[in-house]
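Here is a short report on one protein model. Look at the structure first, then read on.

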Amino acid sequence: MTAVAVAAVTGALLWLFLAWSGRPEAPVRIDAVKTAFGIGAGAGGVFALWLATRRQRTLELQLAETTRLAGVTERDLEERRVTELYTKAIEQVGSDKAPVRLGGLYALERLGQDNPKQRQTIVNVWCAYLRMPFDGPQEGIRGADAVRRKDGPPGYDGAELQVRLAVQELLRTHLRCDDPAFWPSMSIDLQRADLVDFRFSGCEVQAADFSHARFVGAVHMQKTTFHQRVGFYGTEFTALANFDRSDFAGGAFFSWARFRGAARFARTSSIGGLRFHHARFEAEAVFERSKHEFDLEDTSFAREADRPRNNSGAVGH
């Protein structure tokens, strides 16, 4: 195509020069031919350069489009792989065999570790599992509660309890801010859950709701940070409830909560304060050196001396 264009330009220029000169002498015609061919060659070079530039631009656009399509395909494949792994893990969690359920829960953990965008969904699944009805032990199986327990077969599904303890441990592992596997900015919903020997010390969550949950055995939530207001509305604590040094940044509701064992809130802090409307403390309650106000409307204490006082020394209102 370039050769045709060069020939056409050269022929046209040659005709113009010959017609313009009006002189038939051979030297004049030779000069005209040289000039025409020179200009034609130059024009051909410019045209060839333009074609090469256009071809390069076209190749660059094609390469960019190919790269984009490859990226889209790769993302689609990755999302499909994640979906397949998630679906398979959920099927395992729904199994009637405890080891299979446990395997599915750990498969979700591996999936979340490799895919941060899936972590909140996985935490939601773990919480939903713990919210499922469970006729578990009436006392904790660790510490003093385990020592007091009578010998003999338990009156509950021991295999299911082990699965639930594993889920609780998964939550603790990935919500502990000093753990290498920490998942930040997670929220948990454990309303009406039956939680046994719950360990949550050193954890950090965005939002949490334990309303109407039942904690069997000792609860340890020392040095735990709740960035938003946390709910313990109507929650039952059957043994020790230890919240020492925890930070309730947005405050907390313990209204209608029942503390059957000792309750510890020493050196806790918050901006929104703690609400204990109609709460019941049936054993020792410790609130020393706490940095927030308490709302204790219609709250009952086994020992009136345990009633907390605000920073000014006045009894919490």
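## Phenylalanine 301

Start at phenylalanine 301, which lies in strand β20 (residues 300-301). This is a residue of a predicted model. Is phenylalanine 301 buried or exposed? Its relative accessibility is 12%, so phenylalanine 301 counts as buried, since the cut-off for buried is under 20%.

Which residues does phenylalanine 301 touch, leaving aside those up to four places away in sequence? They are Phe281, Ala285, Phe287, Leu296, Asp306, Arg307 and Pro308. Phenylalanine 259 gives another point of reference. Phenylalanine 301 and phenylalanine 259 are 42 residues apart in sequence. In space, their C-alpha atoms are 9.7 Å apart.

## The whole protein

The protein has 6 helices and 20 strands. Of its 317 residues, 39% count as buried. The protein exposes about 17,500 Å², and carbon and sulfur atoms supply 56% of that area. Now take the contacts between residues at least 6 apart in sequence: 30% of them join residues at least 24 apart.

How confident is the predictor? The mean pLDDT of the protein is 83, and 76% of its residues reach 70 or more. Among the elements, strand β9 (residues 236-237) has the highest mean pLDDT, 98. Helix α1 (residues 2-21) has the lowest, 53. Over residues 311-315 the pLDDT is below 50. Beyond near neighbours in sequence, that stretch has 7 contacts in the model.

Helix α4 covers residues 119-131, which makes 13 residues. From its first C-alpha to its last, helix α4 reaches 18 Å, close to the 18 Å expected at 1.5 Å a residue. Which residues of α4 are buried? They are Arg119, Ile122, Val123, Val125, Trp126, Cys127, Tyr129 and Leu130. An α-helix has 3.6 residues a turn, so residues three or four places apart point the same way.

Next, a sheet. Strands of a sheet pair through backbone hydrogen bonds, either parallel or antiparallel. An open sheet of 4 strands here has the order β3-β7-β11-β15, and its pairing is parallel. Strands β3 (204-205) and β15 (269-270) stand at the edges. Each has a single partner strand, so one side of each is left without a neighbour in the sheet. Strand β3 is joined to β7 (residues 225-226) by 2 bridges. The bridge partner of glutamate 204 in β7 is threonine 225.

## Two positive phi angles

Most residues other than glycine have a negative phi, and most peptide bonds are trans. Arginine 192 has a positive phi, near 65°. Its place is in the loop between β1 (187-189) and β2 (194-196). Aspartate 197 also has a positive phi, near 50°. Aspartate 197 lies in the loop between β2 and β3.

Which of these residues is buried, and which is exposed? Arginine 192 has a relative accessible area of 58%, so it is exposed. Aspartate 197 has a relative accessible area of 2%, so it is buried.

## Salt bridges

Side chains of opposite charge can pair when their charged atoms come close. The count of salt bridges comes to 14. Among them are these:

| Salt bridge | Closest N to O distance |
|---|---|
| Aspartate 189 and arginine 131 | 4.0 Å |
| Arginine 258 and glutamate 282 | 2.5 Å |

Take aspartate 189 and arginine 131. Aspartate 189 is in strand β1 and arginine 131 in helix α4, so the pair links distant parts of the chain, 58 residues apart. Aspartate 189 is partly exposed at 29% relative accessibility, and arginine 131 is partly exposed at 32%.

In the next pair, arginine 264 is in strand β14 (residues 263-264). Its partner, aspartate 244, is in the loop between β10 (241-242) and β11 (247-248). The two are 20 residues apart. Arginine 264 is partly exposed, with 25% relative accessible area, whereas aspartate 244 counts as buried at 12%.

Arginine 258 lies in strand β13 (residues 258-259), and glutamate 282 in the loop between β17 (280-281) and β18 (285-286). Their pair therefore ties together parts that are 24 residues apart in sequence. Arginine 258 is partly exposed at 27%, and glutamate 282 is partly exposed at 31%.

Finally, salt bridges that share partners join Arg101, Glu160 and Arg164 into one network.

Methods. Residues numbered from 1 in each chain as written. Predicted model: local features only at pLDDT ≥ 70, side-chain atom pairs only at ≥ 80, totals over all residues. Heavy atoms only, no water. Buried < 20%, exposed > 50% of the residue type's maximum accessible area, 1.4 Å probe, protein only. Contact = heavy atoms within 4.5 Å. Areas by Shrake-Rupley, 256 points an atom, 1.4 Å probe, with all protein chains shown as cover. Expected span 1.5 Å × (residues − 1). Pairing = 2+ DSSP bridges. pLDDT = per-residue confidence, 0-100. Salt bridge = Lys/Arg side-chain N within 4 Å of Asp/Glu carboxyl O.
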